[in-house]
Structures are given as structure tokens and as C-alpha cells.
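Q: Please take a close look at a single part of this chain. Then show how that part sits among its neighbours and in the whole.

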Amino acid sequence: MAVLFLMDSAIGVFDSGVGGTSVWKEIVKLLPNERTIYLADSKNAPYGGKAPKEIVALSIKNTELLLQKGCKLVVVACNTATTNAIDYLRKNYPVPFIGIEPAIKPAALHTKTKKVGILATKGTLSSSLFYNTSKLFAQGIEVIEQDGSGLVQLIEEGNVYTEATKYLLEKYLAPMLNAGIDSLVLGCTHYPYLIPVLRQILPESITILDSSEAVARQTKHILSEKGLLSLGSKATAKHDIYTNHTIEVLKYYVNVPGALVNLLDF
């Protein structure tokens with residue numbers, strides 16, 4: 001009976017704000033029978049400029065709330081939280097954790113110019129996990145890194161299709177284009193929402209990569225491996241979405257049938 005309860009418990013997902021919904025949507029698409037609980041810690045967004053200790057503390061807070069709600073697995077749908085906190089979370093909590101890392105490996109495997117751009121937050125770019133991943137998979141590849149300062153705030157405000165957003169992207173992408181990249185890695189879960197604007201700026205020949213689908217596949221793999229896939233159906237699956245800031249903006253990004261967006265102080 002306890003096993004059945006665990007199987008039918010929710011997948012927990014958290015991010016510094018609305019960005020992780022790009023990952024959450026892929027999980028819901030791939031695993032339609034699963035219940036989910038999503039936490040948007042928008043009150044504390046962005047995580048990218050915070051000190052590592054603060055990022056760990058926020059990740060602990062989010063994890064403990066999801067575990068209080070009975071989640072059987074936690075997806076850290078935030079590159080900055082993954083790179084700074086996932087090792088601690090895995091050592092100190094009993095559920096499986098799925099992290100998210102920039103798609104450097106597939107970019108390095110498929111680049112023809114041997115030049116890859118990565119747009120990420122300062123917290124991700126300065127982390128040891130990012131450094132080690134780049135060192136492991138990007139040997140012989142020139143990686144042009146760019147801190148996307150200001151982009152998360154614009155996305156959190158729902159200001160994706162604005163001149164301010166386009167201006168920042170053109171500014172950040174210019175060195176990459178001048179260097180001759182043929183792949184752009186989005187190293188923040190907020191950034192997939194920028195793809196329509198990026199496509200206005202980038203040549204069609206440049207491939208844009210993010211990790212959302214890979215995270216969904218890994219989530220399914222781990223649940224299957226541990227015998228935790230839900231026995232329910234799409235009809236019984238529900239999705240509880242919580243934010244500690246603004247419901248309206250989160251509703252705009254969620255836009256998935258059956259998802260209930262709630263305001264929660266956490």
C-alpha cells in the first residue's frame with residue numbers, strides 16, 4: 001500500500017521563478033499520467049547573481065516544501081540551483097533528484113565550426129560543475145560564454161517581446177556571432193521563452209539547444225528504474241503550481257489544461 005501511495009505521489013519541480021515551467025511542460029508532455037507540483041520562487045529571482053550559500057539555502061527551502069507535500073522525486077529545474085546545490089540535496093534528502101545542466105555535450109558533438117556560444121547566468125557560469133562539464137565535453141571547442149544579466153527579470157515580468165529584451169539579446173549575441181558560432185546553448189531554464197526573439201536575430205544556420213526534453217527523459221528513466229511510475233491516468237493527473245509573487249505572469253507561461261496556479265507564501 002505504501003508503494004502504491006509513493007507511485008501515485010507527485011513529481012516535484014522547483015525553479016527561481018517561471019523559467020522552470022519550460023522543463024515542467026516537457027515532463028507533463030512525456031509523462032501525462034503523473035501528478036506534478038511546481039514551485040516558482042519568483043520572490044527571490046534571479047538566483048544567478050546570489051552567493052552560493054544563499055542558493056543552497058533557497059534550494060533547501062524549496063526541496064523541504066516539496067517533500068512536505070509528499071513528492072516522490074524532485075526536479076531542480078534551475079541551472080544555477082543545480083550547479084550550486086544539487087550535490088548537497090542528493091546527500092541530505094532521501095528522494096531522487098534530477099538536475100539541469102547546459103547542453104554543452106550535444107553542442108560540442110555537433111558543431112562544425114568548433115565554436116559554441118553559451119548564454120547563462122553568472123551563478124551557472126562561475127560554478128565548478130559548469131567548469132568541469134565544459135572541461136570534459138568541450139575539449140578542442142571554443143566556448144564563448146555570456147552572462148545574460150537582466151534577461152531573467154524581463155521574463156519574470158512577462159516582457160519577452162519588447163525592445164529592451166531584443167536590445168539585450170543583440171548585445172549579448174554580437175561577440176558570439178562575430179566569433180562564428182554555429183550552436184547556441186541556453187544555460188538557463190528561463191531562456192527557452194526567448195527563442196522566438198532569438199530566431200529574429202540569429203541566422204537560420206545556428207542551432208539553439210536547451211536541456212528541457214533531456215531532463216524529461218531522465219525523469220521518466222529514473223521513475224521507471226525505481227518502480228515509481230504512476231499507475232494513474234491522464235484523467236486523474238493534476239498539476240498544482242505555486243508562486244510566492246505574481247499569479248498572472250505564471251498563468252501566462254503555464255497555459256496547460258488542468259494546471260491550477262496558486263499564491264503561496266514560501
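A: Helices (H or I, at least four residues) and strands (E, at least two) are DSSP runs, numbered from the N terminus. The model is predicted, so local features need pLDDT of at least 70 and side-chain atom pairs count only at pLDDT 80 or more, while totals for chains, interfaces and linings use all residues. Residues are numbered from 1 along each chain as its sequence is written, and side-chain values use heavy atoms, without hydrogens or water.

The part to look at is strand 7. Strand 7 covers residues 183–187. Five of its five residues are buried (under 20% relative accessible area, with exposed over 50% and partly exposed in between; 1.4 Å probe, protein chains only). The strand is therefore largely enclosed by the rest of the structure.

Ser-183, Val-185 and Gly-187 point one way. Leu-184 and Leu-186 point the other way. Residues on both sides are buried. In a regular strand the side chains alternate between the two faces of the sheet.

Next, the pairing. Strands pair if DSSP finds at least two bridges between them. Strand 7 pairs with strand 5 in the parallel sense, over five bridges. Two of the facing residues can be named. Leu-119 stands opposite Leu-186. Ala-120 has Gly-187 as its bridge partner in strand 7. Strand 7 also meets strand 8, which spans residues 207–209. Three bridges join strands 7 and 8, again running parallel. Here Val-185 stands opposite Leu-209. Val-185 itself belongs to the group with Ser-183 and Gly-187 that points one way.

Strand 5 runs over residues 115–120. Five of its six residues are buried, which leaves this strand mostly covered.

One of the facing pairs is Ile-11 with Leu-73 in strand 3.

Now a helix residue. Asn-62 is found in helix 3, residues 52–68. Asn-62 has 0% relative accessibility, so this residue counts as buried. Leaving out residues up to four places away in sequence, Asn-62 touches Phe-14, Leu-39, Asp-41, Tyr-47 and Phe-266 (contact means heavy atoms within 4.5 Å).

Finally, the whole chain. The protein chain has 12 helices and 10 strands. Of its 266 residues, 54% count as buried. The C-alpha trace spans about 60 × 40 × 35 Å along its principal axes. Take the contacts between residues at least 6 apart in sequence: 75% of them join residues at least 24 apart.
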